[in-house]
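Thank you all for making time this morning. I would like to take you through some side-chain contacts, and I will give the cut-offs as I go along.

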Amino acid sequence: MTVDYTDSSIELLIDNEDEMVAFGQQLAEVTAGHAVVYLEGNLGAGKTTLSRGILQHMGHKGAVKSPTYTLVEPYTVEGRQVYHFDLYRLADPEELEFIGGRDYFEEESLCLIEWPCKGEGALPAADLWVVLDYNLPGRKASVKAGTEKGQEMLKKLQGLQES
């Protein structure tokens with residue numbers, strides 16, 4: 001993994017699936033299981049692989065699949081709530097209300113949101129915003145902070161990248 005820093009973001013070059021999972025593990029560590037994380041990128045860019053790394057690091061033992069048809073997949077991991085959203089098929093942000101969207105965004109939960117643009121206006125601000133793009137043969141990840149809490153997480157992530 002190659003890292004580049006600016007004042008308010010981190011860019012990483014991720015060479016393979018194992019490195020994407022390892023990056024997810026770092027995100028799990030810096031969020032401590034309490035954050036809103038937007039995951040953006042084209043189909044196949046690695047959003048679900050990244051989510052798998054996060055969940056595995058938190059202690060989840062089962063499969064992690066993209067909740068494309070269910071919109072949200074809830075996980076209880078060592079007493080913590082993790083909600084993995086895939087809003088790709090969302091026709092209107094108000095549909096989040098129909099599934100009780102507001103109830104998921106508690107201070108004590110971790111919300112991983114794929115395709116956040118589809119829920120614009122109905123989602124809370126992202127603490128961290130991760131954008132994945134193709135950089136063949138691997139991927140490029142850009143991480144930005146969206147809140148003060150996210151700024152602290154970004155600093156911790158920079159520290160992990162430097163060690």
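Side-chain contacts in a predicted model

Let me begin with E17, which is partly exposed, with a relative accessible area of 46%, where buried means under 20% relative accessible area, exposed over 50% and partly exposed in between, computed with a 1.4 Å probe on protein chains only. Before I go further, please keep in mind that this is a predicted model, in which local features need pLDDT of at least 70 and side-chain atom pairs count only at pLDDT 80 or more, while totals for chains, interfaces and linings use all residues. Residues are numbered from 1 along each chain as its sequence is written, and side-chain values use heavy atoms, with hydrogens and water left out.

What does E17 pair with? E17 forms a salt bridge with R52, with the closest N and O atoms 2.5 Å apart; by salt bridge I mean a side-chain nitrogen of Lys or Arg within 4 Å of a carboxyl oxygen of Asp or Glu. This pair links distant parts of the chain, since E17 belongs to helix 1 (residues 17-31) and R52 to helix 2 (residues 47-58), 35 residues apart. Helices here are DSSP runs of H or I with at least four residues, strands are runs of E with at least two, and both are numbered from the N terminus. R52, at 21% relative accessibility, also counts as partly exposed.

A search of the whole structure finds 3 salt bridges, and one of them joins the side chains of K65 and E73 at 3.8 Å, N to O, with K65 counted as exposed at 53% relative accessibility. E152 and K155 form another, in which the closest N and O atoms are 3.6 Å apart, and because these residues are 3 apart in helix 5 (residues 148-162), they are separated by about one helical turn.

I turn now to the rings. A pair of aromatic rings is described by the distance of the centres and the angle of the planes. In our terms, rings of Phe, Tyr and Trp (its six-membered ring) pair if their centres lie within 6.5 Å, and planes under 30 degrees apart count as stacked, over 60 as edge-to-face and the rest as tilted. The structure holds 5 aromatic pairs. Why is the pair of F85 and F105 called stacked? The ring centres of F85 and F105 are 5.4 Å apart and the planes are at 10 degrees, so the pair is stacked. Because F85 lies in strand 5 (residues 80-86) and F105 in the loop between helix 4 (101-104) and strand 6 (109-114), the pair ties together parts that are 20 residues apart in sequence. F85 is buried, with a relative accessible area of 0%, and Y83, F85, Y104 and F105 form one aromatic cluster.

Is E114 buried or exposed? At 2% relative accessibility, E114 counts as buried. Leaving aside residues up to four places away in sequence, E114 touches several residues, among them K47, T48, H84 and F85, where contact means heavy atoms within 4.5 Å. The side chain of E114 also makes a polar contact with the side chain of T48, at 2.9 Å; a polar contact is a pair of N or O atoms within 3.5 Å, and within protein one must be able to donate a hydrogen and the other to accept it, with residues adjacent in sequence counting only if both atoms are side-chain atoms.
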